[in-house]
Amino acid sequence: MTIEEPDAGPKPVDVPSKREFLGHPYGLPVIAGTEAFERFSYYGMQTLLVLYMVKVLLLPGHVENVAGFGWFGGVLARIYGAAPTTQALSSHIFGAYTALVYMTPILGGIVADRWLGKTRTITLGALLMTAGHFMMAFEASFLLALLFLVLGVGCLKGNLASQVGELYGPGDNRTADAFQIYYLGISFGAFFAPLVCSSLADNIAWHWGFGAAGVGMLIGLIVYWSGRRHLPPDLPSRLREGPGVGLSDRNVKTGPPLTPPASGRGMTPRDWKVLALLIAMIPVLAMAALGNQQFFNAYLVWADRSYEFMLFGHRMPTGFLVSFDSITGFFTMAGAVIFWRWYGKHHREPDELAKMVIGCLISSSAFILVAIVASHQAATGGKIPLWVALIVNTLNNLGFANFFPVSLALYSRAAPRAIAATMIGIYYLFLFLANLLVGLVGGWLDTMPAGQFWGIHVAAVLGGAAIFFVIRLMFGKLFEPEAA
């Protein structure tokens, strides 16, 4: 399942346009359209990344052309250890890249808030991503392309999402619907990108696939700027706070100076215990997410070698698995919400930790299936039917639908009020750690039997479930709401 970070919510600013689209400000389809093409570019490139490295870039005669690769390989060796195979090296690169993708939005938010404002920062991010995608078509600029993409995602992702909330005034109950429409844009990009980019890479050449990702981001930037007049005005804090900056000429009302939200109290002894427990759970979350996060890395490499990609008489590109993953992720997430609402009307609904245990158990069944068929395929040498891959994706997404949003809800509810926003930022560190782990473990694919390799993922997910179960037994009362 693909993971997207939700925004903190609406902020009280002027709505820049009276025009509406289906009952929403006209800026909403502009932002949703921009995000659709940004996600098209991101997931299109990410679908190709590991397969391109394994099949072409890191092979002799090609890897020597990558500028700065000797130095970069030394850095990776200090992080992961020496890579024994080409596939292991590609996994290490993937892990470092995706881990940084979850860190740079913090930098992008600081740049927007303090210096450039959201519009300029989003534009900078789109230009960096566009350049990065196009540079992926050339072997020499591969590492620079990854750097541009990491920085571009950091500048664009969080800032674009935050502009959705700024389209609405305080208390406007259309905001929740707006974010659902916004996530439809994400789903659109995540579904079509792997099919388009993977088909171009398979049938024409790799640089066509990467080029298509670049074109997608360029279209997103055009959509954004063509509708800019419908989006919220913004200024960096250095201008909002300074005198004489001509705010009246910009028609922007900045409101009173921002102050930290009042928590009503400081940290109590109970708060400190909850904080320590939530922080201690971060590596457990990373371990439990190993299987899901491996889908773009070692799983794609193994799947490309192992599945028979025939569907209704047509050979599907390997990226079809990513497209199917995105669509099943959408439906399983919605299905989990509907099921627990129904269950709660007839029975006592489990708490967050119990749901996380259930989610891990379901997700682990996907990798038990992979381990079984991988062992059988290694013994027989035959191709695995594609329907097995569809079951694997569905089971994993069903499990992760009861893990990712539920764990986020737990951290949001249980975090001490005095540091609630900071705690959400700390929560997302689990994805940074998970992707570092993905890079490390994914590098073992070619050095051990396939059944054993996927058995490690089963153990990691089940290990996370066991630890969450013990935490619930021993410390569950700490997470219960305090009496008023």
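D351 is partly exposed, with a relative accessible area of 32%; partly exposed lies between buried, under 20%, and exposed, over 50% (1.4 Å probe, protein chains only). Its partner is R472, and their side chains meet in a salt bridge at 3.0 Å, N to O. A salt bridge here is a side-chain nitrogen of Lys or Arg within 4 Å of a carboxyl oxygen of Asp or Glu. This pair links distant parts of the chain, 121 residues apart: R472 belongs to helix α20, while D351 sits in the loop between α14 (320-346) and α15 (352-380). Helices are DSSP runs of H or I with at least four residues, numbered from the N terminus. R472 is partly exposed too, at 34%.

The model is a predicted one, where local features need pLDDT of at least 70, side-chain atom pairs count only at pLDDT 80 or more, and totals for chains, interfaces and linings use all residues. Residues are numbered from 1 along each chain as its sequence is written, and side-chain values use heavy atoms, with hydrogens and water left out.

By the salt-bridge rule, the count comes to seven. Here are three of them:

| Pair | Closest N to O distance |
|---|---|
| R305 and D446 | 2.8 Å |

Now for R305 and D446, which form a salt bridge. They also bring distant parts of the chain together, with R305 in helix α13 (residues 298-306) and D446 in the loop between α19 (429-442) and α20 (450-475), 141 residues apart. R305 is partly exposed at 38%, and D446 is partly exposed at 35%.

Finally, E38 and R39 are both buried. Together with E35, they are linked in a network of salt bridges.

How values were computed:
Helix = DSSP H or I, 4+ residues; strand = E, 2+ residues; numbered from the N terminus.
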